[in-house]
Structure formats: structure tokens, C-alpha cells
Amino acid sequence: MENRSSWAALSLFAVLFFIWPIAHTIALRNVLLFVLALWLGFQWDRERARAILAAWRPAAWGLALFTAWLFVELLFTPFWREALSAIQGQWLSALLSGFLGVAIVARRGGLSPRTVLLLFFGTLIIQAVVVDAQGLLWMIHHAQFPHGLAGRRWKGLTAGPDKSNYLTNMALDLLVAELSLRLEGERFLPISRIVMTALFALLLLSFYFEAMRDGLIDLVVLAGFLIARFVYRHRQQFTLRRRLIVAGIVFVVLALIGLDLAFDHRWDSLYATIPVAWNTAAHRKAWLDAGTPLPLLPNGHLVAQSNYLRIAWIKEGFKSLFDFPMGLGYSRSAFGKALLLRFGPSPRMATSTNNGLLNLAVAVGFPGLILWYLWYGLLLRGALTRLHGKTGYWGRALLLVALDAGSRMLVDANMQDYMLEQFLFLLCFLCASTVFGQNNMTSTKGPPQGRHDIMPTQ
């Protein structure tokens with residue numbers, strides 16, 4: 001009976017993982033979140049939950065304080081109705097997802113955390129395969145290579161290439177955590193070197209087809225982590241072979257950056273766009289109202305829309321933060337509310353800075369921003385203390401996922417909707433797994449461990 005229950009839970013999670021990033025599945029997603037939360041709530045093991053909370057108490061308090069601030073802010077924001085609606089529809093749904101991440105590990109007779117991880121990772125790979133299939137079919141049909149952002153971009157089953165790229169980078173985070181272990185003579189995931197190589201090729205091809213230049217930040221973070229870990233581990237005997245491994249990692253990242261620089265012509269005008277975009281007073285309509293004609297560069301060419309709007313919105317986002325330092329209430333459209341108060345109503349006013357950090361800052365103000373990074377810092381500190389030994393894989397995956405989302409937050413509005421839900425689910429799941437997912441580490445010197453079926457975790 002227990003095995004049937006485990007399979008049923010795993011099946012529901014499989015459906016949730018697969019449909020999570022797919023557009024127009026909100027109703028099904030919410031039903032699955034509610035059903036799983038109710039089910040796992042009845043199977044909650046208090047002792048396991050207490051152990052998880054004890055291990056991550058500082059980060060849990062940080063998250064609780066940030067959540068409390070969202071409600072305190074309702075007392076003085078003029079947009080309290082919109083903020084309350086956003087808290088209910090966005091933040092509480094994300095917290096429910098985080099609860100599921102803990103509950104699946106704290107469940108009585110729980111599933112092996114590695115089984116759940118493999119299931120989640122598998123759905124990410126399926127999404128990447130769809131992107132690759134779209135790109136390759138286009139190449140076959142047109143008999144040419146797509147030129148990245150200068151041409152077509154593929155989105156797989158998601159609503160856009162940026163959404164698909166978040167999934168690709170998340171899969172790379174989980175795979176690089178495994179690669180870092182194997183470079184140190186250990187292994188966790190039950191896959192061979194050939195499979196790992198194929199998965200890396202598949203994900204990097206997906207990255208190319210999505211053509212998201214902001215995603216390069218994650219590649220730099222992953223490469224930096226791999227190099228730092230490898231050099232630290234082998235600092236006493238840094239042989240020629242090990243130097244070649246480091247050089248290979250650097251070459252792959254530089255090659256991908258070079259391809260983006262070559263094919264994305266927005267880089268060509270970025271430097272010239274900065275002074276034009278920074279002078280927001282001279283071209284207010286251009287960045288304030290969507291669809292308004294954009295200004296010209298000194299050479300007479302039109303500015304690249306993405307370059308111009310990102311820079312102008314960053315400046316105005318900071319101005320809005322200092323104009324309303326206590327925040328305007330939790331909402332993904334807080335920037336639009338700040339512009340409304342500053343400039344009055346406009347028919348097509350911008351609502352987002354397209355920058356997760358500034359969107360959050362304008363919404364929650366300086367107090368909320370401090371509490372957010374208090375929680376985030378405590379989370380990173382906890383991950384850094386779990387990079388070795390039996391928690392090695394979980395700690396590394398946690399660190400990379402957190403760094404990936406945190407760095408992408410500086411250039412993209414990724415902390416909203418299902419992306420925020422997936423982020424908190426994975427973080428909470430990885431945190432819980434550092435406590436009860438420690439029993440699958442093996443050495444690459446011995447036979448590979450291939451068993452990953454459903455089993456209680458002791």
C-alpha cells in the first residue's frame with residue numbers, strides 16, 4: 001500500500017513538473033498544488049520536518065520575516081487591494097510550492113529525494129529536447145544555421161524563449177553540480193559519462209536555439225564555480241591534464257559568448273545607447289508609453305529597443321525606489337504604480353522594469369529588499385557549508401540554483417508567476433534533501449550506482 005502511495009505521489013509530481021512552465025495551465029497547476037499539499041500534509045512526519053527546520057532555521061526565519069513584511073506593508077500602501085491580491089495569487093502560491101519541496105522529503109516512508117530530483121531533471125530535459133527539435137527541423141527545412149538573436153528563437157513548449165532558457169539553465173545547474181563531483185572523484189546521479197556528455201551537448205544546443213544573451217550570466221557562474229572547485233581540490237598537484245580541463249571549460253564559455261556577440265547586433269550599439277537612454281527626461285514618452293517611437297542614436301540609426309528600454313527603466317526604477325523607499329506593495333507591476341504617482345495616468349504606461357531586482361525593490365521598498373537579501377544570504381551561507389561529504393551534491397545544486405536565479409534577477413523579471421513557484425520549490429526541496437538525501441554518494445573508483453527506484457530514506 002505504501003509503495004502504491006509513493007507511485008501515486010510521484011505520478012502527480014510528474015504531471016506538475018511537466019506542465020509547470022507550459023502556458024495556459026494555471027488552473028491545472030493550482031489544482032495539483034492544492035491536492036499535493038493536502039495529501040502530503042496528512043503524511044507529514046513531524047520528526048523529519050523538525051530536523052529539516054533545525055538545519056535551516058536561520059534561512060527559514062529570513063523567509064518568514066520577508067513574508068511578514070509583505071503584510072505589514074499593506075497598512076500604508078495606497079495600492080493595498082492590488083498588493084493583497086498579488087500576495088494571494090503570487091507569493092502564497094510560491095510558498096505553497098516551497099512547502100511541497102519540504103513535504104515530499106518529510107513524508108512518512110518518503111520517496112528517495114534522488115528519485116524526485118531525477119523526475120524533475122527529466123522534465124527539464126524533455127523541455128530542452130523540444131527546443132532542439134524545433135531548431136533542428138528549421139535548419140533542415142531551410143538548409144542553414146539560425147543566427148541567434150538576429151534571426152529566429154525557439155521556445156519549446158513554453159510561452160517564450162526566455163521562459164525556456166530558465167529551464168535550460170536550471171537543468172545545467174543540476175548537471176554541473178554532478179560534474180563538479182565527478183571532477184573530484186565522486187558521483188551522485190546514476191548516469192554514465194556518455195550520457196552526461198550527451199546531456200551537456202543537448203542543453204548547450206538548446207541554449208543556442210533559445211538565443212538569450214541574459215542567459216550567458218548563468219554560464220559564467222557555472223564555469224566560475226567549476227573552475228574554483230577544481231582548482232581548490234587539486235591545488236597541490238595542478239598537472240597539465242588538469243590545466244587542460246580548466247582551459248576547456250573556459251573555451252566552451254568564451255565560444256558561446258563569442259557566438260552571441262557575433263550574431264546579436266544589439267551589442268554593436270550598446271555603448272552608444274547608454275547616454276541616450278540615460279537621458280530619460282529628453283525622451284520621456286519613448287520609455288514611459290509602449291509603442292511610442294524610439295529616439296535615434298548620434299549616427300542617425302534607431303536605438304535597439306531592448307538596450308534602450310532596459311537602461312532607461314533601470315534609471316527610472318532606482319528613482320522610483322528612492323521616491324517611495326517604503327515600497328508600494330507587493331506586485332509585479334509596482335513600477336507602473338510608481339510611474340502613475342510620478343507622472344499621472346497614461347494609456348500604455350510601462351508596468352515593469354524587466355529587472356527582477358528593481359521590480360521587487362519598488363514593490364517592497366528598502367525594508368523588504370533588506371529582508372529578501374538577508375534570507376538569500378543565509379541560504380547561500382547554508383549551501384556553502386554543505387559542499388562536501390554526503391551532502392555534497394545537494395549543497396552544490398542548491399548553491400548553483402540560487403546563484404543562477406539571483407544573478408538572472410539582475411537582468412530579467414524572473415521572480416514572478418510559475419518561475420517563482422519553481423524556484424522556491426526547488427530551493428526548499430534541495431534544502432530538505434541536504435538533511436534526508438545523503439545516502440546515495442559513491443566513488444567513481446568503484447562500480448557506478450544505478451539503482452534509483454522508489455525507496456524510504458532512512
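A salt bridge, for today, is a side-chain nitrogen of Lys or Arg within 4 Å of a carboxyl oxygen of Asp or Glu. Keep that cut-off in mind, and remember that this is a predicted model. Let's start with the charges.

With that rule, the count is 13 salt bridges. One of them joins Glu184 to Arg396, with the closest N and O atoms 2.9 Å apart. These two come from distant parts of the chain: Glu184 is in the loop between helix 7 and strand 1, Arg396 is in helix 16, and 212 residues separate them. Are the partners buried or exposed? Glu184 is buried, at 8% relative accessible area, and Arg396 is buried as well, at 1%.

Now to another pair, Arg310 and Asp412, where the closest N and O atoms are 3.3 Å apart. Arg310 belongs to helix 13, while Asp412 sits in the loop between helix 16 and helix 17, so this bridge ties together parts 102 residues apart in sequence. Both Arg310 and Asp412 are buried. They also belong to a network of salt bridges that links Asp214, Arg310, Arg408 and Asp412.

For a contrast in setting, look at Asp323 and Arg342, whose side chains meet in a salt bridge at 3.4 Å, N to O. Here the pair ties helix 13 to helix 14, because Asp323 lies in the one and Arg342 in the other, 19 residues apart in sequence. How accessible is Asp323? Asp323 is partly exposed, with a relative accessible area of 44%. Arg342, at 22%, counts as partly exposed too.

On to the nonpolar side of things. The largest nonpolar core has 115 residues, and the members touching the most others are Trp375, Tyr393 and Phe429. Which helix gives the most to this core? That is helix 15, residues 356-384, with 15 residues. If you click on Trp375, you'll find that its contacts include Ala59, Gly62 and Leu63, along with Phe423, Leu424 and Leu427. Another core lies apart from the largest one; it has 17 residues, among them Ala286, Tyr308, Ile311 and Met349.

Next, the rings. There are 26 aromatic pairs in the structure. Take Trp154 and Phe209: their ring centres are 5.6 Å apart and their planes stand at 75 degrees, so this pair is edge-to-face. Trp154 is in the loop between helix 6 and helix 7 and Phe209 is in helix 8, so the pair ties together parts 55 residues apart in sequence. Trp154 is buried at 5% relative accessible area, and Phe209 is buried at 1%.

There is also an aromatic cluster to show you. Its members are Phe13, Phe17, Trp20, Phe120, Phe188, Tyr393, Trp394, Phe425 and Phe429.

Thanks, everyone, and I'm happy to take questions.

Note on methods
Residues are numbered from 1 along each chain as its sequence is written. This is a predicted model: local features need pLDDT of at least 70, side-chain atom pairs count only at pLDDT 80 or more; totals for chains, interfaces and linings use all residues. Side-chain values use heavy atoms; hydrogens and water are left out. Helices (H or I, at least four residues) and strands (E, at least two) are DSSP runs, numbered from the N terminus. Buried means under 20% relative accessible area, exposed over 50%, partly exposed in between (1.4 Å probe, protein chains only). A nonpolar core is a set of buried Ala, Val, Leu, Ile, Met, Phe, Trp, Tyr and Cys residues joined through side-chain atoms within 4.5 Å. Contact means heavy atoms within 4.5 Å. Rings of Phe, Tyr and Trp (its six-membered ring) pair if their centres lie within 6.5 Å; planes under 30 degrees apart count as stacked, over 60 as edge-to-face and the rest as tilted. Lists of a residue's contacts leave out its neighbours within four places in sequence.
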